[in-house]
Amino acid sequence: MKQEIKNCAIYCRKSTEEGLDMDFNTLDAQREACEAYIASQRAEGWKAIKTQYNDGGFSGGNLDRPALQKLLADIKEGKVQTVVVYKIDRLTRALMDFSKLVEIFDKYGVTFVSITQSFNTTTSMGRLTLNVLLSFAQFEREVSAERIRDKILASKKKGMWMGGNPPVGYEAIDKKLIVNKSHAETATMIFKQYLALGCVAKLKKELDANGTVSNQRISKRGNVTGGRPYSRGALYMILQNPIYIGKIRHKDKSYDGQHEAIISQDLWDAVQNKLVSQSAVQRGHKKSTDQNLLKGLLFDCEGTPYSPDFTNKNDKRYRYYISQNLIQYRDHPKGTMARIPAHEIEKVILKTIEEKIIKMLALDSATDHAVIEHINKHTLDTENIIKSCINKITVHQEELQIDINVDTLHQAIQKHLNLNIPERYAKSNHILSVTFTTRRSYKGAVILKPEVTDYDPLDLPPHELRNLIKGTIWREEHFSSLTLSDIAERDKFSKQHVHQMIMKSMEIGAT
């Protein structure tokens, strides 16, 4: 009877690339030992296939390895009946990953053999032994990781640089950071320019305009990195890296380094203080806008509150204020919106209060001219002011009634602007009425727009006013004799732009 042939695939792995360029390396040693074991099983029909499955420089902590994936593909095609390894941890060090591999082996009738740990996965005893060995392999991996972390901490406490791409201004020589004078000037310039501009976005814009790019590096494999404009994230990393004052950072602590500092302690402190102040402003702004600004303030005409809610669509979040009537399945007042888009109503409230602040405080344009000018010049923290001064917002069919505590508004603006504002208002409470219209956009979202009663068509920003005048002139010329193409060619604009400006001038003229 003819012996059944079992095609045996030898899988070899090494975690690092160190020593792989030698004539005889650890991968060769693993393969040679496996080939000798397969030869000893020739009587059982074992035969080593010629394809080599070698993963040099790949961790056993995951399955994302090219040779292993090639081996699994060949198993699924029926080319392999037995997988042979030197030790089980060469295949994987993770118990969960190994269970996945065993499922694949079982599905396609493949056995698994470790030549230094004799067992066969087709038997229950072999599986038990395998799980025990794998658990110890995972334990060894975790202990090794702890040792490495402890070594890194001890090295950084001594001020040693632990490798990686050297920061701009330095180069790595004999595993030490050495100052590169030409690049150090770039690093110093980045710190000084940020301090002068006070904004990373402006700093990036200036560096891009000057053609300043990151250092270009070529890896051992010939991959080229760098040589591109600095991103905002990269600039933040540079500005917060204590290496530039001669220190080495480990997590939230810094230690005196063995390398030379590039910038002074005074410049570093000034930059860090600026970053903290800018970050505080941004965090405060983000926090206030991310919160539901009108939470607890919004009610319908019958006194039923609206609660904040949201929905996710296409990886985007849409916020709403929903009446408790809708949530509790009760009847809602006819004609009043039960679901109000949060961003839209918040924008309406913010804009209305900003425009009515002078009127609510009863400031006189002649007597209080300096105070009014000071308020108009400064950007108010309107969101936080609103949270403190609004008593209640009532939603009617086409009207919002905003009950404002003018005393609180007066105090909040005084504190915010550090300004003495005279008390000329008669009542402590002011009801602000805002009529609004609703419509649906082409995306289906409900949009609220305040109805403007005292609209002045010439009360526009300078660029819009220029466009209005230009559109009016073009309109007269077009109605006289010139075509849109003639006007566009003469004034070097697109025909579509000319048409839009003419139509805009006609809309404003009609109002």
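In this predicted model, D174 sits in the loop between strand 6 (170-173) and strand 7 (176-179). Helices (H or I, at least four residues) and strands (E, at least two) are DSSP runs, numbered from the N terminus. The phi of D174 is positive, near 55°, although the residue is not glycine. D174 counts as exposed because its relative accessibility is 71%. Here, buried means under 20% relative accessible area, exposed means over 50%, and partly exposed lies in between (1.4 Å probe, protein chains only). K175 lies in the loop between strand 6 and strand 7 as well. Its phi is near 60°, again a positive value in a residue other than glycine. K175 is exposed, with a relative accessibility of 76%.

Residues are numbered from 1 along each chain as its sequence is written, and side-chain values use heavy atoms, with hydrogens and water left out. Because the model is predicted, local features need pLDDT of at least 70 and side-chain atom pairs count only at pLDDT 80 or more, while totals for chains, interfaces and linings use all residues.

Strand 4 (residues 82-85) is buried on both sides. T82 and V84 point one way, V83 and V85 point the other way, and all are buried. Strands of a sheet pair through backbone hydrogen bonds, either parallel or antiparallel. Two strands are taken to pair if DSSP finds at least two bridges between them. Strand 1 (residues 6-14) runs parallel to strand 4, with three bridges between the two. Within this pairing, A9 has V83 as its bridge partner in strand 4. Strand 4 is also joined to strand 5 (residues 111-114), by four bridges and in the parallel sense. There, V84 is partnered by V113 of strand 5.

D74 belongs to helix 2 (residues 66-76). D74 and A9 are 65 residues apart in sequence, and their C-alpha atoms are 9.5 Å apart in space. D74 is buried, because its relative accessible area is 4%. Neighbours within four places in sequence aside, D74 is in contact with Y53, K79 and V80. Contact means heavy atoms within 4.5 Å.

Strand 10 (residues 247-250) shows two contrasting faces. I248 and H250 form the covered face, while K247 and R249 form the uncovered one. Strand 10 pairs with strand 11 (residues 253-256) over four bridges, in the antiparallel sense. H250 stands opposite K253 of strand 11. The two strands make a hairpin with two residues between them. K251, in the turn, has a positive phi of about 60°.

Strand 14 (residues 316-323) and strand 15 are antiparallel and share three bridges. One of the residues involved, I322, has R339 of strand 15 as its bridge partner.

Helix 11 (residues 342-360) has 19 residues. From its first C-alpha to its last it reaches 25 Å, close to the 27 Å expected at 1.5 Å a residue. The expected span is 1.5 Å times one less than the number of residues. Helix 11 has a kink of about 35°, centred on E354. The bend at a residue is the angle between axes fitted to the seven residues ending there and the seven starting there. The buried residues of helix 11 include A342, I345, V348, L350, I353 and M360. E344 and E346 are among the buried residues too. After helix 11 comes A362, with a positive phi near 55°.

Finally, the cysteines were examined. C8 is buried because its relative accessibility is 0%. C389 is buried as well, with a relative accessible area of 1%. A disulfide is a covalent bond between the sulfur atoms of two cysteines. With a disulfide defined as a pair of cysteine sulfur atoms within 2.5 Å, the count is zero.
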